[in-house]
Amino acid sequence: MKMNDSACFAEWQHRIAVHEDEEAFLHLYRYFRHRLEKFAFSICHSKQDAEDIVEDVFVKIWAGRKTIDQVLNLKLYLYIATRNFSINYCKFNQRNEHFDPYDLKIELQDIAPDPQQQFMNAELAEIINEVIKNLPTNCKAIYKLVKEDGLKHKEVAEILHLSPKTVENQLAIAVKRIALAIGREKKPKTKKI
Amino acid sequence: MNYRVAYLISKKLSEEITENETQELNDCLASDASLYETISLLEIAWKNNQEPATETTERIQKLMAQLRIEDDSPLKKEKTTFEFSRYRSALPAGAFRFTGKWLAAAAIALIIFFTWRFFYPQTVDNDMVAQRENKVETKAGNRTKVVLYDGTLVWLNGESKLEILQMNEGKTREVFLLGEAYFEVHSNPSRPFIIHTKNTRVKVTGTTLNVRDYPGEEKAETSLLSGQAEVFAVANPQKIVKLLPNQKVVFRHLDVQGNKESSVMPSNPLAEVVSEIVPVAYYPFDSLPVEKAWVNDQLTFFDESFREVANKMEKWYGVKIIFENKTLEQERLNGKFTGESLEEALQALQFMLKFNYLIKDKTIIIKQL
């Protein structure tokens, strides 16, 4: 997600709050739905539940549309709302108020090789994907939220109930593992005669 | 690669690297040129994000439909407000019966209000959820609210189940209820709304009412708060009871001797049943009908036996309550709980009645003092 995104949100928030602008609301929905569903899915492990949850989140946003422009960090707000709804909604998390990051079922996007195969060829992509798949669950969750969803360390910390230090630490571990795997691959291979 | 370098790179990738850290990273690069390539590859991998799939119009339409339901809800969402007052007051002596030696003061009923504390972390979020499937179920200790497709609002109490039998088409709107629910039926005179419970049938057109018919309890009741209702017991379909606002019909099972005290509504609904119409009781201080209090997260009982109160508490707190002493079961009680924990509720009851209790996991045993 790019740097000018927060400017977009501010505009949408204003239009929704002041003018009840449904089109702006739908822009918001289109922008976030997919990522929030993946996040909801990681907590409740059901695609159908995840869809329902995100829908409920947006229904709630619309219900509170008059004050939506007072939300300073809309993205964080949406993730936290999704988290809370997911915890409430899904059956086997009913005992806890906080979910256990080890319970998350995270689906990551695979790195795709670039078409010219200049830098990122198929083998390399494969290796990196393998490393990421094998990351410990909490590390994976953090990696996904920062890398794919573009959330800041502090935001991830708040969403997952962790300390920012933990978030940074886990990211470093992820990077280190990927780097080591790339390094092994890059070692010049001895030719067999 | 050592940890510190990985840490610096990860901060760079997430665009949260500080100036000092950038300097440090540059120093590392200066001493190890191979890092350049590694960092490039990592950056490529990092930026390699797919665009989310485009929306289907179907999804958008579904969302917009939910928004309409939300907007058209006839009832403005009530923010539950909690009372911080603590006081007792007297009811007229004729409104209740107390027996014998456990009574502290003969002619005074104690209604005790307590201050709110979050007593049960599993109370479902206060927001309405639009009806999705044909069934809604709650566990003991949970309550939920649903909006049906026709705009009817339903609050479902603990350990209850609502099933939609017919809603979108047909001459009638029909649901099946197990347990307790408070309905605000969307007015539609041409399409009567019929509630089936195990032992009763209720027919309304545009009405607010509370229906309670739990398996294993000795009575089934329907309280009408506004509008009109026709109710009959499955066992006795010819005797249709027409309720006026603020009337409540209670169905009880008659055992062979015609004794009303027999305990449980029979599993065979076609057994002998008698009905009684009583006025809906209101608390004199707020105009809140007793039956509706649970909708506002208040557990109330008005001249009910300890056994009946225990039944309510079982569904409210998700516990089982057993009486060691049968006489205690028959004691009559009045009360209203707003947010008490189970222990606080039991202690409050001990103000009114002398007894002891023992908590074992999810079971409470009520004993003699």
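**View 1. The buried pair B:E180 and B:R212 in the predicted model.** Both B:E180 and B:R212 are buried, a term that denotes under 20% relative accessible area, with exposed meaning over 50% and partly exposed in between (1.4 Å probe, protein chains only). Their side chains meet in a salt bridge at 2.6 Å, N to O, a salt bridge being a side-chain nitrogen of Lys or Arg within 4 Å of a carboxyl oxygen of Asp or Glu. This pair links distant parts of the chain, 32 residues apart, with B:E180 in strand β6 of chain B and B:R212 in strand β9 (residues 208-213) of chain B; helices (H or I, at least four residues) and strands (E, at least two) are DSSP runs, numbered from the N terminus. Over all chains, the structure holds 23 salt bridges.

This is a predicted model, in which local features need pLDDT of at least 70 and side-chain atom pairs count only at pLDDT 80 or more, whereas totals for chains, interfaces and linings use all residues. Residues are numbered from 1 along each chain as its sequence is written, chains are lettered from A and ligands numbered from 1 in the order in which they are written, and side-chain values use heavy atoms, with hydrogens and water left out.

View 2. B:E174, which lies in strand β6 (residues 173-184) of chain B, is buried yet has no salt bridge, and the nearest side chain of opposite charge, that of B:R201, is 6.8 Å away; here Lys and Arg count as positive and Asp and Glu as negative, while His and the chain ends are not counted. Residues up to four places away in sequence aside, B:E174 touches B:E163, B:I164, B:L165, B:Q166, B:I194 and B:H196, contact meaning heavy atoms within 4.5 Å. Of these, B:E163 meets B:K161 in a side-chain salt bridge (3.9 Å, N to O).

View 3. B:K326 and B:E329 form a salt bridge whose closest N and O atoms are 3.6 Å apart. B:K326 is exposed, at a relative accessible area of 56%, whereas B:E329 is buried, at 11%. Both belong to a network of salt bridges that also links B:R307, B:E314 and B:K320.

**View 4. Contacts of A:F25 in the largest nonpolar core****.** A:F25, A:F58 and A:L160 touch the most other members of this core of 80 residues, a nonpolar core being a set of buried Ala, Val, Leu, Ile, Met, Phe, Trp, Tyr and Cys residues joined through side-chain atoms within 4.5 Å. Beyond its neighbours within four places in sequence, A:F25 is in contact with A:I16, A:F58, A:I61, A:W62, B:L63 and B:L67.
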